[in-house]
Amino acid sequence: MNGMARFFSLVLGGVLAASPALAREACVRDPARVHELRVLDEMELTDMVEQHPVLAVPETLHQMLRSLVAASPRLKAGPAIHLLAFDDPEYNAYAANHGLVILSSALWRGAAPLDEDELAAVIAHELAHIENHDALVEACGLLDRLGQPQLSIEAAREQMGLQMFNPHSRLAREAREVLHAQKHAADLRGIELLRQVGRRPAAMASALAKIHGAEVKGSPLLTAGTHPEVRERLARARAAAQAPGRSGHAAGGGWLGDQTSLQLRSGVP
């Protein structure tokens with residue numbers, strides 16, 4: 001291949017490689033997709049309201065939210081973020097892309113209630129998802145992996161749901177990897193927000209351990225078989241809490257599970 005032909009080959013290769021990333025970025029910035037995701041979130045929220053009574057959020061949690069939002073220039077710029085609480089005996093927390101953090105009452109009323117710093121860690125984690133538009137990023141990536149950019153987000157999720165039953169599915173593996181990467185990144189960004197508001201950085205790991213039934217001081221995780229990534233998340237969160245603080249913004253990451261958006265964004269960390 002002569003020099004000129006090689007040059008055009010490299011240029012073409014670069015353009016083709018960049019195309020999926022450009023398409024995902026365009027999807028994330030598309031107001032129609034933003035609205036579509038919000039409608040789906042609100043539909044799921046309606047279902048949740050029918051299943052669990054809505055509670056008044058303790059003022060302490062509102063204060064935590066305000067301080068954490070103030071520590072993030074991106075979140076502080078708006079739109080406003082609100083807290084919602086449900087009476088639910090299961091540990092759960094979610095983030096909706098349009099600015100809503102949803103908590104279950106078990107987080108502060110359960111058999112092993114979280115302390116104030118741990119509650120702040122859960123909120124910080126969910127705020128990191130909102131800060132990064134993780135639910136929309138994940139949805140747009142899903143459309144890209146399916147090769148159907150015009151498909152609705154709801155239809156894409158239905159297709160991926162079927163893929164999840166196939167242990168050999170490359171699409172399912174990639175989707176899980178994205179969700180896990182987002183969770184790790186939200187842990188790290190949440191730790192940074194905790195530092196900025198004067199909360200214990202180690203609270204992220206202790207909250208995660210408490211929610212998953214693990215003893216913070218190293219006994220085996222009760223949920224390690226069904227949540228194999230929990231050990232790694234704990235290790236990363238503990239390492240980040242012990243490392244010197246860093247400024248900046250971590251990309252990517254729900255708290256309790258692999259649900260997206262209210263498929264909202266998270267569900268049990």
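What should the 27 residues of helix α9 span at 1.5 Å a residue, and how far apart are its end C-alpha atoms? Let's start there, everyone, and keep in mind that this is a predicted model.

Helix α9 covers residues 170-196. At 1.5 Å a residue it should span 39 Å, and its end C-alpha atoms are 39 Å apart, so expectation and model agree. Now look at the two ends.

Next, a helix pair. Please find α6, residues 116-131, and α10, residues 203-211. Their axes are 8 Å apart, and they pack at an angle of about 95 degrees. Angles of 65 to 115 degrees count as roughly perpendicular, so that is the word for α6 against α10. And who is touching whom? On the α6 side we have Asp117, Glu118, Ala121, Val122 and His125. They meet Ala203, Met204, Ser206, Ala207, Lys210 and Ile211 of α10.

On to the covalent side of things. A disulfide is a covalent bond between the sulfur atoms of two cysteines. The count for this model is 1 disulfide, and it joins Cys27 to Cys140, with an S to S distance of 2.0 Å. The torsion about the S-S bond is -75 degrees, making the link left-handed. Where do the two partners sit? Cys27 belongs to helix α1, residues 3-28, and Cys140 to helix α7, residues 134-146, so the bond ties together parts that are 113 residues apart in sequence.

Last, two backbone spots for those of you who like torsions. Most residues other than glycine have a negative phi, and most peptide bonds are trans. With that in mind, have a look at His133: its phi is positive, near 55 degrees, and this is not a glycine. You will find His133 in the loop between α6 and α7. Then go to Gly78 and Pro79, which are joined by a cis peptide bond with omega of about 5 degrees. Pro79 is in the loop that runs between α4, residues 73-76, and β2, residues 82-86.

Definitions and conventions
Residues numbered from 1 in each chain as written. Predicted model: local features only at pLDDT ≥ 70, side-chain atom pairs only at ≥ 80, totals over all residues. Heavy atoms only, no water. Helix = DSSP H or I, 4+ residues; strand = E, 2+ residues; numbered from the N terminus. Expected span 1.5 Å × (residues − 1). Axes fitted to C-alpha atoms, helices over the stretch in contact; angles between N-to-C directions. Parallel < 35°, antiparallel > 145°, perpendicular 65-115°, else oblique. Contact = heavy atoms within 4.5 Å. Disulfide = S-S within 2.5 Å.
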